[in-house]
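User: Please walk me through this model, one topic at a time.
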Amino acid sequence: MGMWCPSCLGKLIENSAEKRYECSNGHRFDIAKQGYVNLLMSNQKGSKEPGDGIEMIKARNSFLSKDLYFEVAEKTNEVIEECVVEPNANGVTSILDIGCGEGYYLDKLIRHFETKNITGEYYGMDISKHAVKIASKKNHAATWLVGNNFFIPFENESLNILLSVFSPIKMEECERVLKDQGYFVRLLPNPDHLIELREIIYAQIDDKEKPSYEIEGEKLKLDKEENINYQISLDQEGIQELLLMTPHYWKTSKVTQARLAEYESLDVTVAMKILVFKKNC
């Protein structure tokens, strides 16, 4: 399993009869009726309701359900499959999606692997309980967790692959939980991502990429990079959902929001990169 108690760092064991996880020191974490378990300690929250707000989560869930980012998920699945097939041809691969949100990408990955007869142990974790509740309904093949990316509740060197889609990470934690020769697959925006929407919102666009995007760890080194670039056509509903699901919403004035409401359609560029880091001890 590889999960550990966030209170004492002891190994967590599932007690299916009692519908909870527990460690040898007596710490217990109930499995919610939706099927997820909350491993987020109060000192790891940072706020009363950490993570994305419910409106942002609902907008993103609705937007992603239309499969406008299907090409992103498909390419991500192919990249992860390449990480799996060679070193783990006949074994079980453990995969954690940190910052999994509503579970769109992990659900797509599980379904992709099922068609390839690849066996895996799948985990999805997000700091937002609202997001994990939605994710837990998408695919029962995964174990869904509420947790903090900066305090990943897994034992040292217990995972084969980490996935992060636009989520904040702590490279030292990623290195800690990955096995030797494991992979960290990270998706980040390229400068042209959603450029058409951003040109409407901002008077001036700063295209400088943050250098931290490609900072390697002590043991995690950049192995390869893939780029994704295509356009999607949005109706008014899609425009509003896209705006609400991104941080750009909080920087958008009421005047600009009104102007966006006048668009019946908008073609938008999807431009992302997939960075694959490999761990070498």
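User: How many residues of strand β5 are buried?
Analyst: Six of the six residues of β5 (residues 93-98) are buried, so the strand is largely enclosed by the rest of the structure; buried means under 20% relative accessible area with a 1.4 Å probe, protein chains only. This is a predicted model, in which local features need pLDDT of at least 70 and side-chain atom pairs pLDDT 80 or more, while totals for chains, interfaces and linings use all residues. Residues are numbered from 1 along each chain as its sequence is written, and side-chain values use heavy atoms, without hydrogens or water.
User: Which way do the residues of β5 point?
Analyst: Thr93, Ile95 and Asp97 point one way, Ser94, Leu96 and Ile98 the other way, and all are buried.
User: And which strands does β5 pair with?
Analyst: β5 pairs in the parallel sense with β6 (residues 120-126) over six bridges, where Ser94 stands opposite Glu121. β5 also runs parallel to β8 (residues 159-165), joined by three bridges, and there Ile95 has Ile161 as its bridge partner. Pairing requires at least two DSSP bridges, and strands are DSSP E runs of at least two residues, helices H or I runs of at least four, numbered from the N terminus.
User: Switching to helices, how do α1 and α4 pack?
Analyst: Helix α1 (residues 54-65) and helix α4 (residues 129-138) pack at an angle of about 30°, with their axes 9 Å apart. They are therefore roughly parallel to each other, a label for angles under 35 degrees.
User: Which residues meet there?
Analyst: Ile54, Ile57 and Asn61 in α1 meet His130, Ala131, Ile134 and Lys138 in α4, with contact meaning heavy atoms within 4.5 Å.

Notes
Axes are lines fitted to C-alpha atoms, for helices over the stretch in contact, and angles run from 0 to 180 degrees between N-to-C directions. Angles under 35 degrees count as roughly parallel, over 145 as roughly antiparallel, 65 to 115 as roughly perpendicular and the rest as oblique. Buried means under 20% relative accessible area, exposed over 50%, partly exposed in between (1.4 Å probe, protein chains only).
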